[in-house]
Amino acid sequence: MHFATSRIIRPLLAATLLAAAAGAQAQVTVSNAWVRATVPSQKATGAFLQLQSVQDAKFVSVSSPLTPNAEVHEMAMQGDVMRMRQVQAVDLPAGKVVELKPGGHHIMLMNLKTQVKEGDTVPLTLVFQDKDGKRQTVEVKAPVHGLGSTGHAHH
Amino acid sequence: MIQAVSRRTFMLAGAALAGLPLAGCGLGSKVSFNGTDITGADYGRDFRLTDPHGQEHTLADFKGKVVMVFFGFTQCPDVCPTALARAAEVKQLLGADGERLQVLFISVDPERDTPEILNAYTAAFDPTFLALYGDAARLAETAREFQVIYQKVPTGSSYTMDHTANTYVYDPQGRLRLKLMHNQTSLEYAADVRKLLHAA
């Protein structure tokens with residue numbers, strides 16, 4: 001590849017340095033993660049959290065030792081009907097707090113290997129991708145809340 | 001099954017009768033609800049489903065109580081737990097009246113929702129809540145009667161269910177009265193239930 005002008009090289013170098021720096025410090029912050037408890041033999045549940053990325057990025061995949069099948073879904077009400085669909089990525093616009101919460105996006109943990117009990121902790125590995133395609137992995141330990149939880153403090 | 005025409009007439013007559021004492025209470029104004037008033041509706045008249053202990057139920061089993069019916073499935077991470085948690089809150093808000101509320105959770109996913117799972121699931125929200133299920137044919141019949149939709153949707157590794165997320169509310173006489181939406185609050189639900197409990 002031949003870069004004709006410094007207009008290309010300098011920003012590219014800057015982006016590379018930034019990406020390298022991003023590897024050292026987290027670009028995406030994960031907060032308030034929680035997983036909804038299950039009853040025995042129940043095979044799926046949801047995980048919720050808040051994401052904030054310094055720069056434009058996407059949340060592209062999730063995994064957990066509790067299941068071979070973790071996906072990101074979006075819930076949408078169409079009139080009276082609830083519909084959920086798997087999404088391949090969730091956009092994280094620079095600086096914006098994006099909430100995965102009941103009523104919107106959530107992580108689906110399906111084909112669970114064990115019951116998830118209130119008080120347990122669920123390890124989640126989240127992968128983010130920035131505009132240059134560089135990936136960042138964040139490990140989270142999400143506490144398990146009761147089945148009826150809304151995620152906030154109970155009243 | 002009772003003939004549709006005569007049942008409808010009966011229900012309309014019943015609704016008219018129920019209206020009389022209410023007109024005496026207020027300033028002659030009709031009672032208004034947060035939910036959609038579907039009194040006299042020619043659907044959702046009854047069901048015949050099985051509870052997790054193998055016992056069959058129809059609406060008549062719950063006469064004397066306000067009945068709230070919700071269709072869902074246990075592998076639902078969002079809408080169903082939210083609806084049942086809200087129902088539990090409604091029961092709390094009603095105080096002593098809460099004893100005259102019966103919440104029913106009808107499974108739209110009989111393949112995965114075994115009686116054991118259903119029993120544990122509703123109990124996690126409130127021990128008085130009752131799950132009901134039927135086989136595929138019975139479920140289809142019930143959904144038709146309630147005009148609710150449900151549909152299996154494949155997802156990466158498994159499937160999810162699209163389903164109607166309304167709550168259907170019956171008065172203590174076993175008549176379908178209200179349709180409440182998923183985006184309404186426990187306070188709104190409780191206010192309506194209280195009105196139904198104290199009417200006539």
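Me: Which residues is Val169(B) in contact with, leaving aside its neighbours within four places in sequence?

Reply: Leaving those neighbours aside, Val169(B) is in contact with Gly35(B), Val66(B), Met68(B), Arg177(B), Leu178(B), Leu180(B), Asp192(B), Val193(B) and Leu196(B), where contact means that the C-beta atoms of two residues, placed from the backbone, lie within 7 Å. This is a predicted model, in which local features need pLDDT of at least 70 and side-chain atom pairs count only at pLDDT 80 or more, while totals for chains, interfaces and linings use all residues. Residues are numbered from 1 along each chain as its sequence is written, and chains are lettered from A and ligands numbered from 1 in the order in which they are written.

Me: What makes Val169(B) part of a strand, and what is its bridge partner in strand 10 of chain B?

Reply: Helices (H or I, at least four residues) and strands (E, at least two) are DSSP runs, numbered from the N terminus, and Val169(B) has its place in strand 9 of chain B, residues 167–170. Its bridge partner in strand 10 of chain B is Leu178(B). Two strands pair if DSSP finds at least two bridges between them, and strand 9 and strand 10 (residues 176–180) of chain B have 4 bridges, in the antiparallel sense. Leu180(B) is 11 residues from Val169(B) in sequence and 7.7 Å away in space, C-alpha to C-alpha.

Me: Which strands stand at the edges of the sheet in chain B, and why?

Reply: The open sheet has 6 strands in the order 1-10-9-4-5-6 (chain B), with mixed pairing. Strand 1 (36–37) and strand 6 (130–132) of chain B each have a single partner strand, so one side of each is left without a neighbour in the sheet, and these two stand at the edges. Helix 5 of chain B packs on this sheet, touching strand 4 (66–72), strand 5 (101–107), strand 9 and strand 10 of chain B, and its direction makes about 175° with that of strand 10 of chain B.

Me: Why is helix 2 of chain B called oblique to helix 5 of chain B?

Reply: The axes of helix 2 (residues 79–93) and helix 5 (residues 186–198) of chain B come within 9 Å and cross at roughly 50°. Angles under 35 degrees count as roughly parallel, over 145 as roughly antiparallel, 65 to 115 as roughly perpendicular and the rest as oblique, which makes helix 2 of chain B oblique to helix 5 of chain B. The contact is made by Arg86(B), Glu89(B), Val90(B) and Leu93(B) of helix 2 of chain B, and by Ser186(B), Leu187(B), Tyr189(B), Ala190(B) and Val193(B) of helix 5 of chain B.

Me: Where does Gln147(B) lie, and why does it count as partly exposed?

Reply: Gln147(B) lies in the loop between helix 4 (136–146) and strand 7 (150–155) of chain B. Gln147(B) counts as partly exposed because it has 15 C-beta neighbours inside 10 Å. Although Gln147(B) is not a glycine, it has a positive phi of about 55°.

Me: Why does Asn32(A) count as partly exposed?

Reply: Asn32(A), which has its place in strand 1 (residues 28–36) of chain A, has 16 C-beta neighbours inside 10 Å and so counts as partly exposed. Its phi, too, is positive in a residue other than glycine, with a value near 55°.

Me: How many helices and strands are there in chain A, and what share of its residues is buried?

Reply: Chain A has 1 helix and 10 strands, and buried residues make up 32% of its 155 residues. Among the pairings, strand 3 (residues 57–63) of chain A runs antiparallel to strand 6 (residues 90–92) of chain A, joined by 3 bridges, with Phe59(A) opposite Val90(A). Strand 3 of chain A is also joined by 6 bridges to strand 9 (residues 121–130) of chain A, again antiparallel, with Lys58(A) opposite Gln129(A).

Me: How do you know that strand 5 of chain A and strand 8 of chain B pair?

Reply: Strand 5 (residues 81–87) of chain A and strand 8 of chain B have 2 bridges in the antiparallel sense, and the bridge partner of Met82(A) in strand 8 of chain B is His163(B). The contact of the two chains takes 30 residues from chain B and 28 residues from chain A, and helix 2, helix 3 (115–125) and strand 8 (158–164) of chain B each supply at least two residues of the side of chain B that touches chain A.

Definitions and conventions: Axes are lines fitted to C-alpha atoms, for helices over the stretch in contact, and angles run from 0 to 180 degrees between N-to-C directions. A residue is buried if 20 or more other C-beta atoms lie within 10 Å of its own, exposed if 12 or fewer, and partly exposed in between; C-beta atoms are placed from the backbone.
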